[in-house]
Amino acid sequence: MITIPRPQAEIIPLCERAAWKALRQHHAKIQNVHLRQLFAEDLRRGEHFAFEAVGLYFDYSKNRITDETISLLLELANQSGLRERIDAMFGGEKINVTEKRAVLHVALRTMKDESIKVDGTNVVPEVHDVLDQMTAFANHVRSGQWKGHTGKRVRNVINIGIGGSDLGPVMAYEALKYYSQRDMTFRFISNVDSTDFVEATRDLSADETLFIVSSKTFTTLETMTNARTAREWALQALGDEKAVARHFVAVSTNTAEVKKFGIDTANMFQFWDWVGGRYSMDSAIGLSTMIAIGPDQFRAMLAGFHAMDEHFRTATFDRNLPVLMGLLAVWYNNFFESQTIAVLPYEQYLKRFPAYLQQLTMESNEKHVTLDGTRVEYQTGPIFWGEPGTNGQHSFYQLIHQGTKLIPCDFIGFFQTLNPLGDHHDLLMSNVFAQAEALAFGKTPEEVRAEGTPDWLVPHRTFEGNRPSNVILAERLTPETLGKLVALYEHSVFTQGTIWQIDSFDQWGVELGKVLAQRIIPELEAAEDPSLKHDSSTNALIRRYRKLKGGAARMKKNG
């Protein structure tokens, strides 16, 4: 029997809560108030709606809010039982109700002397045992002590995974490349499209390559298809089945399948069902990250995660970074009917951060029923997307500035660059401040005319402004800072999901397509035309694919 904290707030449907109704009335009053007016009425607004916590400076003054807005949003959080839900998560309660699991990614970065229990067992010692195992292995590989089958040191590391077993490691490697061991090559294979494998391995030598196969069950279709191909690729060059144990390690819980594959189970790294894939980059799933940047830097990243965890757990909601970010997302999503949020890092190393956040946010909060299975009567998770600045300015910023869609933006910048070069960083950061300013205040027709613009051109050069944004600043991009940023968004997602009364930690929406694909695979590969029982469209597509695939095979054979 699973006990879930059910404060009074969870019994009252969201749209019937007093704070929700008050926010509706409040929105009607201020929805057309311009940020120009709000800043004119409060000359210190830029300081009033800004603060620093755990090394991050958060300026949310360019949002379409007043003190009353924030007060009502905070009351909504209270009426939604956010404090109780936070305590339940950190307490190891099984808040992932559909899978009957605890949600304890926070345990992955907890200090060794602390205690977090699941079913009465403190899981922290297990976490640190795996960290120590990862540390020893990473040091062996980085130092050259780990030898391949022919006695050569490993110079290439390829992570094979998909979803959370890929997006986190890829993002972390790119984000922290500055700190990586540059005499080693790191690559990532996720797509079952054969091109992904071929391009990742085409210039590598098998006797210097180590594969990390990341699959909790060791049965994930895409991951194991690529893993078996990697095994064949390695053995074709190395010739001896014993080579598998020197060129493959596993991040998994399925000892039997790992052993069957030929991997030495001493080199199998554990993780747990209370860690969701998209929350797992700081678990053993991050083994490639640890090898790349070293155990000390990896632990610094964990310390950054932990600092944000403790801030989220203990800070009052009015000065709580993830809570305020999450509430602002709810404000725009549910009251302004804004459907997307743009994440715009002004740091080239964070080029994969928006893609990582796509899974974190949308796999978590795009749900159509509440915790008790009732269909929601409101919009849930917004669409997250973005690109690094300044590149994005020359592609999609036109939409944000002058389009008909309201798109709140998160700008992320750093006071110092890791790669000083002339005035590049000043130019980069000037764009952060300028873009946020332009989105907020725009350019009036009067200002455009004052520049001598002819009347016919004035409408085209007018910027309405009143486009909201957050600006998040840190000293520089370090492993610790990356941990803080990731945890910031993790807990913002949790805050939103709590307000919407949904399970942010299951992902049943990815299952149906997988099941149907397993049914279709033998129909594509059958020697004789199979009896198809899909809809007419799917049947026609399968038949056409079989016909043209067969034609290509005959051409290859005859050519």
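## Exercises on a predicted protein chain

At 35% relative accessibility, Tyr178 counts as partly exposed, a class that lies between buried (under 20% relative accessible area) and exposed (over 50%), judged with a 1.4 Å probe and protein chains only. The model is predicted, so local features need pLDDT of at least 70 and side-chain atom pairs count only at pLDDT 80 or more, while totals for chains, interfaces and linings use all residues. Residues are numbered from 1 along each chain as its sequence is written, and side-chain values use heavy atoms, with hydrogens and water left out.

**Exercise 1.** Find how many aromatic pairs the whole structure holds, and examine the pair of Phe49 and Tyr60, then that of Tyr178 and Tyr349.

*Solution.* The search gives 29 aromatic pairs, counting rings of Phe, Tyr and Trp (its six-membered ring) whose centres lie within 6.5 Å, with planes under 30 degrees apart called stacked, over 60 edge-to-face and the rest tilted. Phe49 and Tyr60 are 5.5 Å apart centre to centre, with 75° between the planes, which makes the pair edge-to-face. Phe49 sits in the loop between helix H4 (45-48) and strand S1 (50-53), and Tyr60, eleven residues apart from it, in the loop between strand S2 (56-59) and helix H5 (67-79). Both partners are buried, Phe49 with a relative accessible area of 4% and Tyr60 with 3%.

The pair of Tyr178 and Tyr349 is edge-to-face too, at 6.5 Å centre to centre and 65° between the planes. This pair spans 171 residues, from the loop between helix H8 (164-175) and strand S6 (185-189), where Tyr178 lies, to the loop between strand S10 (340-345) and helix H16 (353-365), where Tyr349 lies. Tyr349 counts as buried at 15% relative accessibility, whereas Tyr178 is partly exposed.

**Exercise 2.** Which residues does Thr498 contact, leaving aside its neighbours within four places in sequence?

*Solution.* First place the residue: Thr498 belongs to helix H21 (residues 479-500) and is buried, with a relative accessible area of 7%. The contacts of Thr498 are then Ser80, Gly81, Leu82 and Arg85. Ser80 is 418 residues away in sequence, yet its C-alpha lies 6.7 Å from that of Thr498. Finally, Leu82 and Arg85 are among the buried residues of helix H6 (residues 82-90).

**Exercise 3.** Locate Val54 and Gln501, two residues other than glycine with a positive phi.

*Solution.* Most residues other than glycine have a negative phi, and most peptide bonds are trans. Val54, with phi near 40°, lies in the loop between S1 and S2 and is partly exposed at 25%. Gln501, with phi near 60°, lies in the loop between H21 and helix H22 (511-525) and counts as buried at 11%.

Conventions
Helices (H or I, at least four residues) and strands (E, at least two) are DSSP runs, numbered from the N terminus. Contact means heavy atoms within 4.5 Å.
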